[in-house]
Amino acid sequence: MQNDDRLLHHLIGLWPGAQVVVDGARLSAGSQIGVFWEDDNGDWICAGSTTWNGSVGVITAMGDDATTNDVKEGFADGEEMHFRVWSPLDEGCEYTDAGNLEFMDVDGFMITDSEGVFNTGGISGLTGFEVENLAIVES
């Protein structure tokens with residue numbers, strides 16, 4: 001059986017009106033939002049990202065290719081998705097793992113997952129989350 005790379009993803013829709021809050025204020029347009037998994041060394045690996053336009057967005061989270069036995073390149077089914085944000089380069093801030101994630105309920109038509117875990121071919125609707133400042137990077 002041939003591997004079909006088109007199915008090794010999970011779509012995350014940042015729904016219209018999503019409340020992405022950073023340090024008590026709404027996330028500014030131009031910031032990046034990424035979805036991450038943690039490797040065996042405790043490092044965060046980005047599996048997909050988008051530039052936040054202040055209103056809506058889509059992130060494609062890439063899954064692991066099971067045909068490469070000794071290498072993990074993405075999420076495994078059932079693995080928790082972690083979200084991080086970082087600001088435009090001129091602001092130089094990176095933010096920690098998001099909390100208070102709010103997902104849309106499964107609707108039987110389009111949204112297939114509301115638990116914040118990766119599912120191959122899955123679709124989630126994220127309506128908001130909160131983050132606090134992790135570090136300010138000098139540019």
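1. Secondary structure first: this predicted model has 10 strands and zero helices. Read from the N terminus, the elements simply go β-β-β-β-β-β-β-β-β-β.

2. On the contact side, take the pairs with a separation of 6 or more: 66% of those contacts link residues 24 or more positions apart. Burial comes to 37% of the 139 residues. The chain exposes about 7900 Å², and carbon and sulfur atoms supply 50% of that area.

3. Now the inside. The largest nonpolar core holds 23 residues, and the ones with the most contacts within it are Ile-12, Ile-33, Val-35, Phe-75, Met-81, Phe-83 and Phe-129. Strands S1 (9-22), S3 (32-38), S5 (57-62), S6 (82-86) and S9 (123-131) each give two or more residues to this core. S1 provides the largest share, with five residues.

4. Leaving out residues up to four places away in sequence, Ile-12 touches Val-35, Gly-57, Val-58, Ile-59, Ala-61, Met-81, Phe-83, Ser-124 and Leu-126. Among these partners, Val-35, Met-81 and Phe-83 are also on the list of core residues with the most contacts.

5. Then there's Gly-122, in the loop between strand S8 (99-103) and S9. Is Gly-122 buried or exposed? Its relative accessible area is 4%, under the 20% cut-off, so Gly-122 counts as buried. With residues up to four places away in sequence set aside, Gly-122 touches His-9, His-10, Leu-11 and Thr-112. For His-10, the C-alpha separation from Gly-122 is 4.6 Å, although the two sit 112 residues apart along the chain.

Terms used. Residues are numbered from 1 along each chain as its sequence is written. This is a predicted model: local features need pLDDT of at least 70, side-chain atom pairs count only at pLDDT 80 or more; totals for chains, interfaces and linings use all residues. Side-chain values use heavy atoms; hydrogens and water are left out. A nonpolar core is a set of buried Ala, Val, Leu, Ile, Met, Phe, Trp, Tyr and Cys residues joined through side-chain atoms within 4.5 Å. Buried means under 20% relative accessible area, exposed over 50%, partly exposed in between (1.4 Å probe, protein chains only). Helices (H or I, at least four residues) and strands (E, at least two) are DSSP runs, numbered from the N terminus. Contact means heavy atoms within 4.5 Å. Accessible areas come from the Shrake-Rupley method with a 1.4 Å probe; for residues, only the protein chains shown count as cover.
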